[in-house]
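Hello,

Here is the structure we talked about.

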Amino acid sequence: MVYPGHPSRGCYTCRSRKVKCDETKPICLRCTKAKRHCEGYRDSDANNMREKQGATPGSNVDTLVAKRNSQSTASNDEFWGSIWMTTQFTTLLRSPSAALDRTHLHRLYVDLIRLPQAASVYGGCLTYIPQLSPSLMPSSPLLPALSALILSFIVRKDNGRQAQEQAMNSYHRALQLTRQIIDRNTTSRRNEVILTMLVLSMYEDLTNPCPKQSIFNPHLGGAIAFVKSQDLVSFQDETSKGLYIALLTRYMSACLITDITHTVQEFPFTIPELLTLHDALLQTPFVSPRSQLQVHLCKLAILHLQISEFTINLNSGHTSSTTTTGILNSINTTTHHLSQWPNSLPKDWIYNTMVVPSDWNQWTPIAHTYSSFWAANDWARYRTLQICTCHLRLRFYHLLTAANQANTACISLDSLAEDISTTHVKIRNLANDICASMLYHLGYRCVGSAERLYPIEAYPQGKYARLMSASQVTWPLYVAGIVEGVDAAQRMWIASQLDVIGGDVGVQQASAMAEVVRELALRG
């Protein structure tokens, strides 16, 4: 709905479709009835609504500003620290078996995914639960997988032994049922299997039941093997498209990690599949800045596979100047298009920069703060994609240099060396921006103090919100810690932040990541 003199107050989805929005918050009823994903509202709308609710006769501007400053700046954060959620999780802690009740579990997840925060978690895979839920059989592996995940939220070092045992039982039950479906090769349950494996991956990232396991999640490997065993998907339905994007989002960083750590991982898609997914994404109107990043993600995945094919052909002596020039042009085009993303952002997506006191133990003298949880996550995702683009450029340049192929692309070795140096500078700047965002996500410790503090303007507030926020920045932080061009001192600082995420916040996988980054730093 558009008001004279004001921008549209409808949700992003209705605005992009140019239809009237009923403006029900946190998600509108039109999107709910149409089974579309509601992208949420502009922060300014939510803030205006909160101001009106908080305004009383006789209140002045100073009182209103003081009230807003006493709260966190992002809309909908009240949910994560709310009495409702605390009550729900406390109930589960006392009676973990309640997480196995299908009706209760469904209601809990429906309430969770109505918030814009859920659209960022693991590529937004949880938002597709309502589409799959009506068709799930009683023996669906997704149900125990969701039970295990929700119980992992409440289990901490000093509580919830019964909940932990129940979570492990649900986890193993989900694995057993998933294997049964895969053995039967049931194509009709493809989305159910992929979502189940993504949920199990989230559970393992939080709990890391096998401390010595690789940072590569075994369930992602299972999901990849299952995807590769299936026929080419047309991506005509939103659920298939969304789940494949979620899988690709979670796996794209593995391109970088595989090259640096020399860990062999099979890529989940082929170039024809990615081109089909890319075209399907372009057919859907962009409803938020996140939608544009999904298209760039597909382009980077295609570029990764093209460079991998080039490497194989280079080793066998079957390369051509046309192929070399084509890949270089693709890298330059992708870099340019991705660099335009910040110019397309609405005002409420732009971050603020603050000067950091010297005793806050931050890597940079400045810190970035954001208007909302999802805006901060999208900026982290954008910077990660930028780093991956830089990495692919360096990877291709190193191939050309090692094989003396630079002349085939009409590039002098001096020019190549200059481009490599420029790319290193860009990577360091991106890594600095990711580090500068950690104050927002993780808070800070003063030098000589063990207490972790959160500035009043920092979001999220509450342990569950911080857990979700930390889980979203783990991979961007890790990528910044292992990429070529970052010095040893910064790697050590990043490793310390991953230790915080693993030890203090509770994303156990981050501790394994910290060890990898620390090892790279010690190598020099």
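Start at N208: this residue, just after helix α11, takes a positive phi of about 45 degrees. Helices here are DSSP runs of H or I with at least four residues, numbered from the N terminus. The model is predicted, so local features need pLDDT of at least 70 and side-chain atom pairs count only at pLDDT 80 or more, while totals for chains, interfaces and linings use all residues. Residues are numbered from 1 along each chain as its sequence is written, and side-chain values use heavy atoms, with hydrogens and water left out.

Helix α11 itself covers residues 190–207, which is 18 residues. From first C-alpha to last, α11 reaches 26 Å, close to the 26 Å expected at 1.5 Å a residue (1.5 Å times one less than the number of residues). Because 17 of its 18 residues are buried, α11 is largely enclosed by the rest of the structure. Buried means under 20% relative accessible area, with a 1.4 Å probe and protein chains only.

Next, R383 sits in helix α17, residues 373–402. R383 is buried yet has no salt bridge (a side-chain nitrogen of Lys or Arg within 4 Å of a carboxyl oxygen of Asp or Glu). D433, the nearest side chain of opposite charge, is 4.1 Å away; Arg counts as positive and Asp as negative. Leaving aside neighbours within four places in sequence, the residues in contact with R383 include Y351, H368 and L430 (heavy atoms within 4.5 Å).

Last, the cysteines. The whole structure has zero disulfides (pairs of cysteine sulfur atoms within 2.5 Å). C125 is buried at 0% relative accessible area, and C435 is buried at 1%.

Regards

Definitions and conventions
Helices (H or I, at least four residues) and strands (E, at least two) are DSSP runs, numbered from the N terminus. Buried means under 20% relative accessible area, exposed over 50%, partly exposed in between (1.4 Å probe, protein chains only).
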